[in-house]
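Dear colleague,

Please read them with the model open beside you.

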Amino acid sequence: MSTARYSGVPRWVHLPAAAGALFIVLPLVALATRVEWGEFWSLITSDSSRAALLLSLRTSSMATLLCVVLGVPMALVLARTSFRGQSLLRSLVLLPLVLPPVVGGIALLYTFGRKGLLGETIDVLGLQIAFSTTAVVIAQTFVSLPFLVVSLEGTLRTAGQRYEIVASTLGAPPTTVLRRITLPLVLPGLAAGAVLSFARALGEFGATITFAGSLEGVTRTLPLEIYLQRESNPDAAVALSLVLVVVAVLVIGLVRGTGSRAG
Amino acid sequence: MSLHLSARVDERDVEIDLDVADGQTVAILGPNGSGKSTVLSVVAGILRPGRGRAVLDDTTLFDLPDRSWTAPHERGTGLLAQDPLLFPHLSVLDNVAFGPRSSGTSRTASRRIARTWLDEVDAGQLADRKPSALSGGQAQRVAIARALAAEPRLLLLDEPMAALDITVVPAMRQVLRRVLADRTAVIVTHDVLDALLLADHVVVMEHGRVVEQGPTKDVLARPRSSFGAGIAGLNLARGTIEERAVRTPGGLVVAGLHGDEDVPEGVAAVAVFSPGAVSVHRERPTGSPRNVWATTVRELEPRGSQVRIQTGALSADVTAPVVAELDLVPGTEIFLAIKASEVAIYAA
Amino acid sequence: MRRLVGAVSAILLVATLAACGSSDSTDSGAASADRTTITVFAAASLKDSFTEIGRRFEAANDGVTVTFNFAGSSDLVAQLQQGAPADVFASADTATMNKATADDLVDGTPADFATNTLEIATPPDDPGAIDALDDLADPDAQVVVCAAAVPCGAAAAGVEDKSGVDISPVSEEQSVTDVLNKIVAGEADAGLVYVTDVKAAGAAVRGVTIPEADNVVTTYPIAALAGSDHADVAAAFTDFVTGDEGRAVLAAAGFGAP
């Protein structure tokens with residue numbers, strides 16, 4: 001018999017833990033049992049389904065990229081510098097996490113819409129944001145950015161700055177330190193944050209439908225397609241829901257895999 | 001490269017004035033919390049003092065408040081701590097090559113420089129390993145090589161041997177002795193052997209202030225501070241001269257030999273003597289010793305084949321059989337005696 | 001730390017009790033002999049008129065409360081199919097009511113109570129220069145319609161067929177209210193909504209009439225539901241809607257006669 005550590009977790013804790021796990025797993029099982037397996041393939045490969053899936057993957061990837069580009073600097077500033085009003089800024093940055101997505105969508109509409117805060121500027125630049133795929137990416141980025149920032153800020157704080165200090169005493173200017181020391185060392189945390197953002201962007205609904213509208217191939221992402229289909233073709237809605245669940249599980253599994261390898 | 005430093009850090013209550021001549025190694029000794037590491041942080045640029053000025057050769061490292069401040073990566077000061085802090089994601093070779101690479105040297109040239117320095121510290125064969133595969137001593141050698149490869153103008157070492165296995169320390173000390181030979185360096189340590197073997201000059205700090213400084217041998221042979229005396233393994237009584245003896249504020253009177261010149265009456269002075277020269281008695285002794293003190297045993301501390309008897313202000317070294325014979329335990333009332341000829345008195 | 005945990009637990013406890021408390025009061029409200037509450041699922045386009053009808057019905061029937069759930073008709077049918085409790089269903093077209101009938105959700109036969117036609121709506125400042133149905137075909141125009149699965153979307157498709165005008169919408173919304181909102185917000189140049197919506201929006205929206213030849217008439221049926229606990233009150237409500245008073249309210253809102 002192999003040796004194992006004594007865990008010290010009280011026995012009764014396993015009961016509510018199992019209940020919690022069941023709470024999450026049962027609805028997924030219910031979904032899987034409702035699927036019309038005979039028609040499954042044709043349902044998920046129909047034109048509208050394919051368009052929705054490809055659009056979702058495209059926009060979520062774009063949104064995740066934006067989250068990384070904007071979120072890494074934000075996390076660095078929040079974790080490593082200190083200035084007046086920093087905790088207020090942090091609270092505001094985390095707002096999309098607690099805001100109902102529809103509220104987020106309305107806010108985005110009043111910012112980027114034709115009559116919005118930046119509406120005239122966007123018009124002048126000849127850009128078209130409302131009803132476009134760009135709007136979808138904006139909506140998804142808005143709701144998933146906090147995930148990356150929070151996750152990475154936590155990692156940066158835990159990692160501390162000891163290695164960075166050593167690197168600067170060796171003569172490395174701040175950008176070199178960031179490039180060769182900080183980022184490589186927080187890469188696992190960054191990857192985990194990026195995956196969380198991707199998963200959130202993939203499932204985004206409220207802000208998208210309010211801000212971007214719904215048009216096949218342009219703005220109708222998979223969640224929107226499911227919402228539309230559930231009235232006219234419930235079987236398609238269930239099949240597509242399962243697809244979304246599978247994609248989410250794959251993505252999360254990928255991250256946990258790389259995380260435990262690097263950790 | 002000579003260093004001049006004078007600075008004040010209010011948050012840590014540290015005030016320091018320090019000069020290191022070109023090619024000299026200065027050791028900063030002191031108890032924990034005396035501010036030694038703060039001094040290094042200030043020189044390296046990790047800590048920004050409220051007030052002060054430091055000049056390394058012709059470069060002003062900082063002149064505060066408000067005049068100038070050089071960032072750490074532009075100072076040319078190398079830092080070595082007790083934790084080697086080798087970059088875990090780089091190989092040993094790339095770790096050592098980091099300094100040259102950061103200043104623009106090509107990867108090939110940097111690696112060549114790195115190999116030279118690894119050989120210098122007898123760690124050449126470790127070049128392709130990852131830091132996680134090194135022992136404490138090996139990692140510290142690599143850290144030294146890494147610091148030196150960056151060609152620092154001033155080397156700062158913060159208790160570099162404190163985390164090492166005691167069996168590895170002598171070898172490491174040899175390495176440091178070799179590389180510090182012609183370098184300007186400041187080494188913070190609490191080990192007196194480090195000071196003796198590596199430093200030309202010693203500075204003793206207590207409570208954030210310099211309480212003593214001078215050439216190594218002088219300070220250790222004739223310490224004027226409690227810590228200095230402590231690590232030199234000596235007893236020290238501080239007070240003023242009264243009838244040729246030192247009278248401490250606590251009422252202790254120690255008679256001894258003055259140096260080449262007598263210290264005048266009323267002047268602040270210290271009396272220094274070795275614990276080994278102190279004899280312990282259960283009853284007040286008679287005979288030649290001029291110094292006899294009644295005191296109580298506070299603590300017994302084994303030191304190799306001897307036992308050090310601590311009584312608060314003074315300590316005495318005796319052999320174990322003596323302890324058993326006199327039935328000495330904490331709380332026992334005893335008399336300590338020492339001949340005046342074994343005590344040295346000099347001005348504080 | 002302990003105090004924080006204690007405070008949070010207290011807040012959660014109070015919130016739970018309050019929630020339980022409020023749901024209890026609703027249950028007792030429906031079950032008590034004093035007040036009867038019926039739930040009416042009605043199409044989004046019926047919001048203003050049915051709210052008024054509800055008020056009048058309550059005034060005429062002491063002890064009765066009418067609560068409404070307004071949404072796209074296909075949305076409502078989906079909810080009913082999943083077992084949502086309701087007493088009356090008023091749909092924006094016959095096709096959607098047929099779905100409810102096919103699933104045996106309806107008690108008796110649905111009755112037609114109103115008709116509606118489509119109208120073009122634009123923001124008051126008419127940014128897209130929309131003056132006729134043909135203008136909607138302009139590729140630069142930002143036109144919003146209902147999704148085909150929703151009654152107003154089916155009607156819009158009908159209008160396209162009849163008139164031969166090909167519309168490329170920038171968005172297909174879930175209910176006519178969503179379409180109207182996009183126009184009111186100034187986001188869209190034009191949209192296809194009901195005549196009654198334009199009337200209800202007043203100055204917030206500018207209407208452009210669609211010629212009768214091109215327009216589609218949708219019929220609104222209403223039915224009491226099989227799962228109702230208050231079949232008599234439900235029937236009374238449907239009678240009220242199809243009766244004189246209901247018709248008067250509907251006509252005032254711009255609905256046509258059934």
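In this predicted model, H8(A) passes H10(A) in a right-handed crossing. Helix H8 of chain A covers residues 133–159 and helix H10 of chain A covers residues 174–202, and the two pack at an angle of about 160° with their axes 8 Å apart. Because angles over 145 degrees count as roughly antiparallel, H8(A) is roughly antiparallel to H10(A). On the side of H8(A), the residues that make the contact include A:Gln140, A:Val143, A:Phe147 and A:Leu148, while H10(A) contributes, among them, A:Leu185, A:Gly189, A:Gly193 and A:Arg200. By class, the residues of this contact between H8(A) and H10(A) divide into 13 nonpolar, 7 polar and 1 charged.

In H9(A), which spans residues 162–169, the buried residues are A:Ile165, A:Val166, A:Ala167, A:Ser168 and A:Thr169. After H9(A) comes A:Gly171, which has a positive phi, near 100°.

Turning to chain C, its contact with chain A takes 14 residues from chain A and 15 residues from chain C. On the side of chain A, helix H12 (residues 222–232) gives the most, with 4 residues, and that side as a whole has 5 nonpolar, 5 polar and 4 charged residues.

With best wishes

Conventions
Residues numbered from 1 in each chain as written. Chains lettered and ligands numbered in written order. Predicted model: local features only at pLDDT ≥ 70, side-chain atom pairs only at ≥ 80, totals over all residues. Contact = placed C-beta atoms within 7 Å. Nonpolar A, V, L, I, M, F, W, Y, C, P; charged D, E, K, R; others polar. Axes fitted to C-alpha atoms, helices over the stretch in contact; angles between N-to-C directions. Parallel < 35°, antiparallel > 145°, perpendicular 65-115°, else oblique. Left-handed = near helix turned anticlockwise from the far one by under 90°. Buried ≥ 20, exposed ≤ 12 C-beta atoms within 10 Å, placed from the backbone.
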